[in-house]
Amino acid sequence: MWNEYLQLMKAELMVTIILFILLFLKLGKKERETVPLLHFINILLLLNFISGFLYNAEGTLFGDMFHTSKLLSLEKNILNLGTLIISLQSFQWLKTHKHIPEFYMLLLATLLGMFFMLSSNNLLMFYLGLELSTIPLAALANFDLDKKISSEAAMKLIISSAFSSGLLLFGISMLYGTTGTLNYHELSQQLSGSPLQILSFVMFVAGFGFKFSAIPFHLWTADVYEGSPVAVTSYLSVVSKGAILFVFVSVLYQAFQNIAGVWYNLLFIISVITMTIGNLFALRQQNMKRFLAFSSISQVGFILIGITGQSPEGSASVIYFVLIYVFSNLGAFGVVSLVSAVTARENIDDYKSFYKNNRALSWILAISLFSLAGIPPTAGFFGKFFLLLAGAGTSHISGEQVNYLLITVAALNMVISLYYYLRIIRAMFMDGNDHPIDKVKASLLPNISFIICIGGVLLIGFAGGIYEYIYSLVK
Amino acid sequence: MNLNLVLLIPLLTAAAVLFCKGLKQVRIVSFTGAVIQLILSFVLLYGYWQERSSGNNDAFLFEYNYVWYAPLHINYHIGVDGISVAMILLTAFIVLTGVLVSWKMPAHTTEGEKQSKEFFFLLLFLGVGAYGFFISLDLFTLFFFLELAVIPKYLLIGIWGSGKKEYSAMKLALMLMGGSALVFVGLAGLFFNTHTGDGSHTFDILQIAQMHIPVAVQKLFFPFVFIGFGIFGALFPFHTWVPDGHSSAPTAASMFLAGISMKLGGYGCLRVATYLMPDAAQQYSWIIIVLSCIAILYGAFATMMQTDLKYINAYSSVSHCGFVLLGIGMLTKTAITGAVMQMVSHGLMTALFFACIGMIYDRTHTRQMARLGGLLKVMPFISTVFVIVALCSLGLPGLSGFVAEVTIFMGSWEHSGAFYKITTIIACASIVVTAVYILRAVGKAIMGPLASKEFSLLHDADWNEKLAAGLLTIGIIAIGIAPFWLDRLVGPGADAIMKNITNVVIAK
């Protein structure tokens, strides 16, 4: 019995253990050397990541509230990996910070929330996990206590996420009213597509839309991204968004399979709007973090295309893309984070002639941006190709023309997005600047994170086995 | 022979450059790698002939098939026919000469020494994309390599270029990516309309060629694929990246652009659009012919107005690449053979032209015809090569340009309709215009009195430049006086494409 709990909840327990270790560390002694402490925490996170590969079991707990499978373990481990990389990258920033254990406790609390959310088999459980994952995030957004802009960001985040949670809860309650159940499997049998159910579904999608910042629910994104510390921004845009997308796919594909015709059209429209408007806004950004915020919005548009696929290919390509997105987006955020921590410069104009003094960092940022833009041989190319292929592959719901329309729009959007990614490349490599950023020295931990990111970006695409593995789990 | 080597050795060369220190090491490694690539491509040619003469009549030789993404039916499938072998030879020539021409890095860059690693890496990496593209037999692999070859161009032009380089680089990257976006839609359309025995789809070119894609589907997606590749191959009215891109690029990158990249477009139109969608190719052929005639004439007349040597060559490339598309549009075996010959010939010729212009620019620091003159007296070698390549461009018999163009015209003349005759005559007429601008350029820049006293101090080509120019000249002359070997090489490939098309005609 205990054995079963230990094994099925292994990922959650590992995170909880680390959380408690940090708590005791904090209680034990007032002042600690920051550098050894950070090394120690990163080793813990690494162990956590490694343990994610071992002894993965399948099963359900707590009366079908909680379930886990190989696929979920993989998804959780992708989040673990993202957290580890972010932690490595925030070394430079945290080194001088007083509240290191608090930072990690909040971070791991949200991670724990995401794990529960992923493993939920019931909308109530899902909601619990969601709240656990969002409330500490608002505290994290305000972690640079002396910055006014951070408090503003935190305020915006907490209000918008409370609002979206409200919407979500409203949708859930209406669903419960019409079907009498919150369990995914039972829901999928009960759903008939009655008007009230569709209304509740719209609420549901709106709530989710807020969380993964699809347009028209994106208004908080850029401000929060700009105001938060870079580590938190990257956590929001990679780990938090990835978790929500994982859940979104599995809920849509499991619980709402019956009304696929409804959500196909809904997602179709949202994804086209999200890509296009996200791209158009990204064209005009001056701040690096805002720029990455809008670029991540348009990436969500692409991911939604994959979700419209309604096939094993669809969900496999979404998971695969998120995995790639972890590497490529964190590669970009890592450089921005480092530069911001050392020089406090975050504008695109500051990056002019960046290549002059920081050759390696320029190439890291460039390769990550190429991956985000979907240029081979980076993994982003494969990710986007598969998303679009999955999106075009749905022919059983709507006419074939529509699918081609969707991928045509997406393909043209890729050209627009290339323009603004190349704008950064141009600023770094080609434009002149009187005061280019001086040589930025990275410590060991950020360097490790760059190696992981660039290695992932360059190699994942060629290893067809990774996609095959995900596909076999999804099927 | 293992075809993977054609991909592996360029890749290793590019990777090895990354581990070098200083310009000297970098260029020795690049040079060695490029020489090996050239030797390898000759070995490939030899192997190909061995196979053919021993009676192997498969459409594609040296095939290698590896399942890359099983759930998505994506394979890494490579193989060559005569057309691919010709293109690989061309690529190897361009890579080697490109490396030789940039022996001292683009002259005007201030930090040339320091950035040499990146420059040579990108150059060689561009080569990898081209090699991969020409050997791919799987649409995904093909598309992968097509896009692989875009971004290095952007960086090469943007970082090491001259003039309004940022603008040109961005224009080129966006237009080519737009092209590949269209290609992507076309490929996806093809993919979802293939049906293999077990009810799944396939990206495999050989399998698709055997299937009959519904005519309505072909008519829908042929324009996507053809225009997409056409943007790479300077199809009118999508040619506007060509002049800016070529003239802003450093010499070696110009050579790669004209010599290899534009050929990706022509090859793609042939291999994917025409080969896989023969019905649509038949139906749309008149549009292709009209557009390519416009490109030929427009390019020629636009060249007349240019005063910058690089712009002259860039616009004349639009005109010459028009011949490639004209040959493809005519859809006869002779014309398609001519189109491939024109690709090879134009690749060598334009690369040589750009190399000459680059050498002249490095010495005189101007490309304006008005400021040049009498260069024959101070740099006899460069000037002689310049004259040879100019004569090749205007189609002098005995050089490659003549052979290719005549083959295309002969192929077009095989049609009996008045439309084909008239368009052929129009295309032929452009040669007169070509003669005007070519002879004017030669007359102004090479002949006549020395334009400036300072020019008398200039020195002639160095050994590396001589080697590069010599190699390309040999290529031009080899095709010019002995075209039969290229014809025999390309013929069977063109035959296979024609077989698909004539099947359609018979079926009607």
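A residue is buried if 20 or more other C-beta atoms lie within 10 Å of its own, exposed if 12 or fewer, and partly exposed in between, with C-beta atoms placed from the backbone. Helices (H or I, at least four residues) and strands (E, at least two) are DSSP runs, numbered from the N terminus.

This is a predicted model, in which local features need pLDDT of at least 70, side-chain atom pairs count only at pLDDT 80 or more, and totals for chains, interfaces and linings use all residues. Residues are numbered from 1 along each chain as its sequence is written, while chains are lettered from A and ligands numbered from 1 in the order in which they are written.

**Stop 1: a strand in chain B**

Select residues 74-80 of chain B, strand β2. Seven of its seven residues are buried. B:I74, B:Y76, B:I78 and B:V80 point one way from β2(B). B:N75, B:H77 and B:G79 point the other way.

Look for B:N65, which stands opposite B:H77. The hairpin has four residues between the strands, and there B:H73 takes a positive phi near 60 degrees.

Stay in β1(B) and pick B:F62. B:F62 is not a glycine, yet its phi is positive, about 50 degrees. B:F62 is buried, with 22 other C-beta atoms within 10 Å.

**Stop 2: two helices in chain B**

Show helix α17 (residues 400-413) and helix α19 (residues 463-481) of chain B. They pack at an angle of about 45 degrees, with their axes 7 Å apart. Axes are lines fitted to C-alpha atoms, for helices over the stretch in contact, and angles run from 0 to 180 degrees between N-to-C directions. α17(B) and α19(B) are therefore oblique to each other. Angles under 35 degrees count as roughly parallel, over 145 as roughly antiparallel, 65 to 115 as roughly perpendicular and the rest as oblique.

Which residues make the contact? On α17(B), pick B:S400, B:F402 and B:V403. On α19(B), pick B:I476, B:I479 and B:G480. Two residues are in contact if their C-beta atoms, placed from the backbone, lie within 7 Å. The residues of this contact are four nonpolar, two polar and no charged. Ala, Val, Leu, Ile, Met, Phe, Trp, Tyr, Cys and Pro count as nonpolar, Asp, Glu, Lys and Arg as charged, and the others, Gly among them, as polar.

The peptide bond from B:F236 to B:P237 is cis, with omega near 0 degrees. B:P237 sits in the loop between α9 (215-232) and α10 (241-248) of chain B.

**Stop 3: an enclosed helix in chain A**

Move to helix α11, residues 219-227 of chain A. Seven of its nine residues are buried, so α11(A) is largely enclosed by the rest of the structure. Among the buried residues are A:W220, A:Y225 and A:E226. Their cover includes α7 (123-141), α8 (148-179), α12 (230-254) and α14 (288-308) of chain A.

**Stop 4: loops of chain A**

Pick A:D64, in the loop between β1 (59-61) and β2 (66-68) of chain A. A:D64 is not a glycine but has a positive phi of about 70 degrees. A:D64 is partly exposed, with 14 other C-beta atoms within 10 Å.

Next, find A:P377 in the loop between α17 (359-373) and α18 of chain A. A cis peptide bond joins A:P376 and A:P377, with omega about 5 degrees.

Then go to A:S443, in the loop between α19 and α20 (444-459) of chain A. Leaving aside neighbours within four places in sequence, A:S443 is in contact with A:F91 and A:Q92.

**Stop 5: where the chains meet**

Show both chains. The contact takes 27 residues from chain A and 25 residues from chain B. In chain A, α18 (379-392), α19 (400-429) and α21 (464-474) each supply at least two residues of the side that touches chain B. α19(A) gives the most, with twelve residues. By class, this side of chain A has 21 nonpolar, three polar and three charged residues.

Conventions:
Pairing = 2+ DSSP bridges.
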